[in-house]
Amino acid sequence: MPRMTAARAAVEILHREGITQAFGLPGAAINPFYRAMRDQGEISHTLARHVEGASHMAEGYTRAAPGNIGVCIGTSGPAGTDMITGLYSASADSVPILCITGQAPVARLHKEDFQAVDIASIAKPLTKMAMTVLEAAQVPGAFQQAFHLMRSGRPGPVLIDLPMDVQLTEIEFDPETYQPLPVYKPAASRAQIGKALDLLAASERPLIVAGGGIINADAADLLVEFAELTGVPVIPTLMGWGAIPDNHPLMAGMVGLQTSHRYGNAAMLESDFVLGIGNRWANRHTGSLDVYTQGRTFVHVDIEPTQIGRVFAPDYGIVSDARAALELFVEVARERAAGDLPDYGVWAKECQARKSTLQRRTHFDNVPIKPQRVYEEMNKAFDEHTRYVSTIGLSQIAGAQFLHVFHARNWINCGQAGPLGWTLPAALGVATADPSATVVALSGGYDFQFMIEELAVGA
Ligand SMILES: Cc1ncc(C[n+]2csc(CCOP(=O)(O)OP(=O)(O)O)c2C)c(N)n1
């Protein structure tokens with residue numbers, strides 16, 4: 001049996017789980033892991049200037065392409081605490097990233113050692129698993145479980161904390177026969193999809209609310225196919241923006257308090273039925289729940305069972321991966337298309353008409369130039385394949401109101417956590433994953449300055 005350090009075994013597993021890129025910053029307690037990464041030689045490393053930056057780079061990297069998992073690495077103590085904001089942002093937006101930290105030797109963990117902090121306890125509420133691995137022989141299992149958890153159910157981050165002596169201990173491990181664990185994703189049944197379509201067919205002015213779960217499941221094509229088959233207009237959430245192109249006749253606008261379109265809000269108020277897929281009824285999308293829910297029937301499809309009923313009780317809930325659900329929605333809707341689905345043509349035309357009458361004004365000639373005009377010019381300057389990255393602030397809100405997005409993963413926004421400083425490093429993560437893309441980081445002065453040191457990484 002091959003013998004190697006636990007750190008080397010961990011690197012071999014990263015490689016076999018498909019990791020080719022990591023972001024981080026070394027320090028004494030993680031140096032054995034860095035050494036193992038260098039010796040193994042298959043994983044590129046981007047040296048961040050701030051470990052929080054590395055965690056946001058990892059998130060941008062994950063979000064840039066289906067199947068990606070961003071890895072961020074730091075030493076013990078403050079490196080882990082610096083990456084907590086990245087773990088919060090990733091968990092809040094259902095994004096898998098793997099955060100690896102060094103730690104003081106096992107025997108010194110309770111002695112208030114230099115840079116020894118209980119990072120696993122600090123990270124617990126922000127991760128699907130946060131573990132200080134105390135036995136070297138557990139390291140392969142911990143990494144195997146980490147990938148299984150990050151990819152199963154609602155995606156999210158994991159933290160693995162490796163005491164220095166654990167990293168350096170030799171263990172028996174055979175990388176050649178390593179195999180990732182199966183990924184678990186719940187799938188809707190035909191009976192459930194049939195019932196949801198019965199409820200849809202009983203409505204006169206239905207909408208589909210398309211959430212970020214559709215992007216995570218790489219199911220934008222199926223969403224558009226289902227919308228076209230049924231003729232039902234689509235409201236993307238801020239996390240789902242791009243799942244249906246902005247210029248599609250069934251794109252009915254975004255709904256919400258700030259990051260919304262006037263025509264989207266108007267369509268929602270006119271509707272009598274909402275099918276939410278892979279969304280979580282975020283409060284900045286719903287606004288007042290009374291107004292949002294009154295007079296409407298709701299069907300909610302989500303991969304995470306405890307999301308059903310969390311914000312309000314839907315009329316019918318289905319626990320399913322968005323792709324699995326949409327595959328069946330398309331299949332069953334196609335069988336019914338000839339028969340019992342109503343014609344929503346008039347309703348869809350009304351939604352489309354509002355899109356031309358309820359536009360916000362952008363064409364100002366003022367000097368100095370007004371922000372609205374800047375976005376108008378951006379829409380001309382950047383083509384449909386441009387990838388926008390943004391976190392928070394007026395610049396982000398206006399971006400959602402005025403920009404145009406035509407493809408899934410081309411609007412990469414820190415939707416729930418919105419930490420200042422996220423945009424620049426996240427954009428670098430996107431650019432690392434997709435070097436040929438035009439990546440536009442949309443950032444206000446504060447956001448830009450929060451992590452301005454990462455410009456050096458970009459350079
Ligand atoms: C870490 C952090 N602190 C504070 C806030 C609260 N906050 C949200 S937007 C904002 C101002 C943003 O200013 P700027 O980045 O210049 O963007 P602008 O609104 O000018 O576009 C603040 C302080 C935050 N989101 N994150």
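Predicted model: local features only at pLDDT ≥ 70, side-chain atom pairs only at ≥ 80, totals over all residues.
Biologist: Let's start with rings. How many aromatic pairs are found in the whole structure?
Modeller: The search finds twelve aromatic pairs. One of them joins phenylalanine 23 and tyrosine 61, with 5.8 Å centre to centre and 65° between the planes. That pair is edge-to-face.

Biologist: Where do phenylalanine 23 and tyrosine 61 lie?
Modeller: Phenylalanine 23 is in strand 2, residues 21–24, and tyrosine 61 is in helix 3, residues 51–64. The pair therefore ties together parts that are 38 residues apart in sequence.

Biologist: Is phenylalanine 23 buried or exposed?
Modeller: Phenylalanine 23 counts as buried, at 0% relative accessibility. Tyrosine 61 is buried as well, with a relative accessible area of 10%.

Biologist: What about tyrosine 375 and phenylalanine 402, how are their rings set?
Modeller: Their ring centres are 6.0 Å apart and their planes are at 35°, so this pair is tilted. Tyrosine 375 belongs to helix 17 (residues 371–381) and phenylalanine 402 to helix 18 (residues 394–402), so the pair ties together parts that are 27 residues apart in sequence.

Biologist: Why is that pair called tilted?
Modeller: Because planes under 30 degrees apart count as stacked and those over 60 as edge-to-face, with the rest being tilted. The planes of tyrosine 375 and phenylalanine 402 are at 35°.

Biologist: And burial for those two?
Modeller: Tyrosine 375 counts as buried at 6% relative accessibility. Phenylalanine 402 is buried too, with a relative accessible area of 11%.

Biologist: Which residues form an aromatic cluster?
Modeller: Trp281, Tyr292, Phe298 and Phe312 form one.

Biologist: What sits over the ring of phenylalanine 364?
Modeller: The charged end of lysine 370, at 5.1 Å from the ring centre.

Biologist: Switching to charges. How many salt bridges does the count come to?
Modeller: The count is 23 salt bridges. Among them is the one between the side chains of aspartate 221 and arginine 323, at 3.6 Å from N to O. Aspartate 221 lies in helix 11 (residues 220–230) and arginine 323 in helix 15 (residues 322–337), so this pair ties together parts that are 102 residues apart in sequence.

Biologist: How accessible is arginine 323?
Modeller: Its relative accessibility is 26%, which counts as partly exposed.

Biologist: Which residues are linked in a network of salt bridges?
Modeller: Asp365, Arg373, Glu376, Glu377 and Lys380 are linked in one. Within it, arginine 373 forms a salt bridge with glutamate 376, where the closest N and O atoms are 3.6 Å apart. Arginine 373 also forms one with glutamate 377, with the closest N and O atoms 2.8 Å apart.

Biologist: Buried or exposed, for arginine 373 and glutamate 376?
Modeller: Arginine 373 is buried, with a relative accessible area of 17%. Glutamate 376 counts as buried at 14%. Glutamate 377 is partly exposed, at 30%.

Biologist: Remind me, what is a disulfide?
Modeller: A covalent bond between the sulfur atoms of two cysteines.

Biologist: How accessible is cysteine 414?
Modeller: Cysteine 414 is buried, with a relative accessible area of 1%. Cysteine 351 also counts as buried, at 3% relative accessibility.

Biologist: Last one, where is leucine 197?
Modeller: Leucine 197 is in helix 9, residues 190–201, and counts as buried at 0% relative accessibility. Leucine 197 and valine 166 are 31 residues apart in sequence and 54 Å apart in space, C-alpha to C-alpha.

Terms used. Residues numbered from 1 in each chain as written. Heavy atoms only, no water. Phe/Tyr/Trp six-rings, centres within 6.5 Å; stacked < 30°, edge-to-face > 60°. Helix = DSSP H or I, 4+ residues; strand = E, 2+ residues; numbered from the N terminus. Buried < 20%, exposed > 50% of the residue type's maximum accessible area, 1.4 Å probe, protein only. Lys NZ or Arg CZ within 6 Å of the ring centre and 35° of its normal. Salt bridge = Lys/Arg side-chain N within 4 Å of Asp/Glu carboxyl O.
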